[in-house]
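Colleague: I have a structure open on my screen and would like to learn how to read it. Could you take me through it, one feature at a time?

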Amino acid sequence: MGKGALLNLDGAARFYGEGENRVDALLSTDLTVEEGEFICVAGPSGSGKTTLLNLSGLLDLPSSGRVLVLGRDSGALSKGARASLRRELVGFVFQAHNLLPVLTARENVEYSMLVRGLGAKERSERAQSALTSVGLLGKEDKFPRELSGGEQQRVAVARAIAPGTPLVIADEPTANLDSVTGKALMSLLYELKEREGMTFIFSSHDPMVMECAERVITLHDGSIVKDNTK
Ligand SMILES: Nc1ncnc2c1ncn2[C@@H]1O[C@H](COP(=O)(O)OP(=O)(O)OP(=O)(O)O)[C@@H](O)[C@H]1O
Ligand SMILES: [Mg+2]
C-alpha cells in the first residue's frame, strides 16, 4: 500500500442480492491511486466500472474488504462523517449531467459549493473561474436548456471542479458527446489535472478516451484484468 496514496482498495468487493440472486459486481480488488493520476477505468457494460467508481468516491461501501481515501477507511466512518469526507474530497461528473433545470449555469456551479458551506463571495469567485476554465465565459447566465449537450457537460465539469476537491470522478463523461466535443472535454480535464494537480478517475468504453488516459485499468466480470501505465 503506497504511503500517502490518495486511494487504496484493499480486497474491496461489492455484491448485490443474496443466494441465487447474488450478483458479484466487483470481486476482491486491490488498487492504489496516487495523487495527480489521470486514470481511465475501461471494460464492457456490466464489468463493474460504475461500482468501482462509486466505491472510490465514497458514494457506496464495499461488501467486504476496505476502501481508504487519504488513509481514511470509508467503512469505519459514520454515514454523516462519510458524507462530509466525500464533500471535502470528491467532485463528481455524472453521466446524465444532473444539472438543475431551473438554475443557470452559474447557479448550478455555485449550488455545489453552497451544499459544502462555502461563503457567497468564494462561491461566486470559484464558479466564475471554473466556468471560465471550461470555456463558458459569457454563458454563465444561460439555463441548461439553452446550452448544447457538450456545453451542459462542461457545466457539469465546472460544478465538479469548482469546490477544489483533490479527486474528481467522472462516469462515462463523454458518453453523450460527439467525438470532437468528447475529445475537447478530455483535453480540458487533462489541462485541469496539469494545472490544478487534481486526480481524475473516469470510466469509458471509448478508445479515444482510453488513449487520453495515462493509466488504463480494464475490468472484466468484476475483476481487474489489465492495469497499464503509459
Ligand atoms: N443496485 C444494483 N443491484 C443489483 N445489481 C447491480 C446493481 N448495480 C449494479 N449491478 C450489477 O453489477 C454489475 C456491474 O455493474 P456496473 O454498473 O458497475 O457496470 P458498468 O461496468 O458500469 O456497466 P456500464 O458500462 O453498462 O455502465 C452488473 O452486472 C450490474 O447488473
Ligand atoms: Mg456504468
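Modeller: Arg195, for example, lies in helix 6. Please keep in mind that this is a predicted model, where local features need pLDDT of at least 70, side-chain atom pairs count only at pLDDT 80 or more, and totals for chains, interfaces and linings use all residues. Residues are numbered from 1 along each chain as its sequence is written, while chains are lettered from A and ligands numbered from 1 in the order in which they are written.

Colleague: How many helices and strands are there in the protein?

Modeller: The protein has 7 helices and 10 strands. Its radius of gyration is 17 Å, close to the 17 Å that the globule rule gives for 230 residues, so the protein is as compact as a globular protein of that length. That radius is taken over C-alpha atoms, and the rule is 2.2 Å times the number of residues to the power 0.38. Along its principal axes, the C-alpha trace spans about 50 × 40 × 35 Å.

Colleague: How do I read burial, and is Arg195 buried or exposed?

Modeller: Count neighbours: a residue is buried if 20 or more other C-beta atoms lie within 10 Å of its own, exposed if 12 or fewer, and partly exposed in between, with C-beta atoms placed from the backbone. Arg195 has 9 other C-beta atoms within 10 Å, so this residue is exposed. Across the 230 residues of the protein, 41% count as buried.

Colleague: What span does helix 6 have from its first C-alpha to its last?

Modeller: The expected span of a helix is 1.5 Å times one less than its number of residues. Helix 6 (residues 179–196) has 18 residues and reaches 25 Å, close to the 26 Å expected. Its buried residues are Gly182, Leu185, Met186, Leu189 and Leu192. Seen down the helix axis, they fall within an arc of 120°, so they line one face of helix 6; the arc is that of the directions from the axis to the C-beta atoms. On the other side, Val180, Ser187, Glu191, Glu194 and Arg195 are exposed. Just after this helix, Gly197 takes a positive phi of about 70°.

Colleague: Which elements do the buried residues of helix 6 pack against?

Modeller: For contacts, the rule is that two residues touch if their C-beta atoms, placed from the backbone, lie within 7 Å. The buried residues of helix 6 pack against helix 4 (120–133), helix 5 (149–161), strand 8 (199–203) and helix 7 (207–212). Helix 5 is mostly covered, with 10 of its 13 residues buried. Its buried residues pack against strand 6 (90–93), helix 3 (105–114), helix 4, strand 7 (167–171) and helix 6. Over the protein, residues 24 or more positions apart account for 68% of the contacts with a separation of 6 or more.

Colleague: Which residues are around ligand 1?

Modeller: A residue is near a molecule if its C-beta atom, placed from the backbone, lies within 6 Å of it. Around ligand 1 these are Tyr16, Gly17, Val23, Ala25, Gly43, Ser45, Gly46, Ser47, Gly48, Lys49, Thr50 and Thr51. Strand 2 (23–33) and helix 1 each supply at least two residues of this shell, and the largest share, 3 residues, comes from helix 1. By class, the shell has 3 nonpolar, 8 polar and 1 charged; here Ala, Val, Leu, Ile, Met, Phe, Trp, Tyr, Cys and Pro count as nonpolar, Asp, Glu, Lys and Arg as charged, and the others, Gly among them, as polar.

Colleague: Where is Leu61 found?

Modeller: Leu61 is in the loop between helix 1 (49–56) and strand 4 (64–69). With 16 C-beta neighbours inside 10 Å, Leu61 counts as partly exposed. Not counting residues up to four places away in sequence, Leu61 touches Ser74 and Gly75. Leu58 is found in the loop between helix 1 and strand 4, but counts as buried because it has 23 C-beta neighbours inside 10 Å. Phi of Leu58 is near 65°, a positive value in a residue other than glycine.

Conventions. Helices (H or I, at least four residues) and strands (E, at least two) are DSSP runs, numbered from the N terminus.
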